[in-house]
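Biologist: Could you take me through one part of this model closely? I'd like to hear about the core and the aromatic rings around it.

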Amino acid sequence: MIKRILFLILFVSLSDDIFADRDSDHEADTDRFGTKYGWCAPSKKYGHHAIIVDTTEGFSEAQYSLLQNQILNDASMTDIPPYDKITIINITGKDVQATETEPIFSKCRPRSGQEKSKFELDHSTFFGMPESMMKQMMAFFNDGLANARAEFSGLQDSAGNYSQIMEQIKELSRIKEIDFSSEYEYRKLIIFSDLMQFSKNVNLISSCRDRKKCITWDNFKNDPSNRMKVRNMMPRFGQNPPEVFVYYLQCKHDKNLDIGLLEFWDGYFTDAGIDWDYDIETSCN
């Protein structure tokens, strides 16, 4: 199992001081079903947590349980401050290109009504929002999250035809509908993947999987035939790029962590100006 470090890497690496000055927002608080504003404060963009789940080579029940227990569970969502946005994207490699992929879930975390929450906005007050209404909104939010989780169950034999990981990161940086813009005070990107990119732009199958040794990022980007591809593939996050954390599902292709795939991606993220970190599966059959 991957080590239980979600709390540190996904939500709480930010100082509590960031959340201390948040005021209640009338539009978000009266959006009972999350259908008008998605429980977001329309006049303020606080934080955005995007989660990309790569199911292009199928998705085992063990991986589903890991995803559910470590990332997409109700308890973890309470560690996100109210009005922060959570977006979940499933890249399947089937029919839909990265430019066409739509999130399976994209809502802001409403106020929870939990008196033990570390966030003051989750606490009810005599003249403020009733606790019962907060809890009802949080229940609606969790129902939507459960529906999103269900998308990843039963995919053991559901392999796609391509794996556009880099393309999806690029699109995340520029598609306005996904709303992962630099207008947010902070952004986090979580990637749950084996990192085996396989597309017309970047195909790692022949070297990483078949030859058991990945091409280096420098050799790839400096190949004259790839220079334009690299230029067009790089994300455009601006001067305030998101933090990136990868759950590296290495057991199928890189059990011994010796094929150079992590080094390839380190070169990619470095050239993109992105600070990133990763964790690995610790139990491979």
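Modeller: Here is a walk through the core, the helix packed into it and the ring pairs. Keep in mind that this is a predicted model, where local features need pLDDT of at least 70, side-chain atom pairs count only at pLDDT 80 or more, and totals for chains, interfaces and linings use all residues. Numbering starts from 1 along each chain as its sequence is written, and side-chain values use heavy atoms, with hydrogens and water left out.

The largest nonpolar core has 40 residues. By nonpolar core I mean a set of buried Ala, Val, Leu, Ile, Met, Phe, Trp, Tyr and Cys residues joined through side-chain atoms within 4.5 Å; buried is under 20% relative accessible area, exposed over 50%, and partly exposed in between, with a 1.4 Å probe and protein chains only. Ile169, Leu189, Leu261, Trp265 and Phe269 have the most contacts inside this core. Its largest share, six residues, comes from helix H10 (residues 261-271). Helices (H or I, at least four residues) and strands (E, at least two) are DSSP runs, numbered from the N terminus.

Now zoom in on Ile169. Leaving aside residues up to four places away in sequence, Ile169 touches Ile52, Leu189, Ile191, Pro235, Phe237, Trp265, Tyr268 and Phe269; a contact means heavy atoms within 4.5 Å. Ile169 is one of the buried residues of H6, and in that helix (residues 165-172) eight of eight residues are buried.

Trp217 and Tyr268 have centres 5.8 Å apart and planes at 75 degrees, so they are edge-to-face. Trp217 sits in helix H8 and Tyr268 in helix H10, so this pair ties together parts 51 residues apart in sequence. Both are covered up: Trp217 is buried at 4% relative accessible area, and Tyr268 is buried at 0%. Ring pairs also link Trp217 and Tyr268 with Phe220, Phe264, Trp265, Phe269, Trp276 and Tyr278 into a cluster.

Definitions and conventions
Rings of Phe, Tyr and Trp (its six-membered ring) pair if their centres lie within 6.5 Å; planes under 30 degrees apart count as stacked, over 60 as edge-to-face and the rest as tilted.
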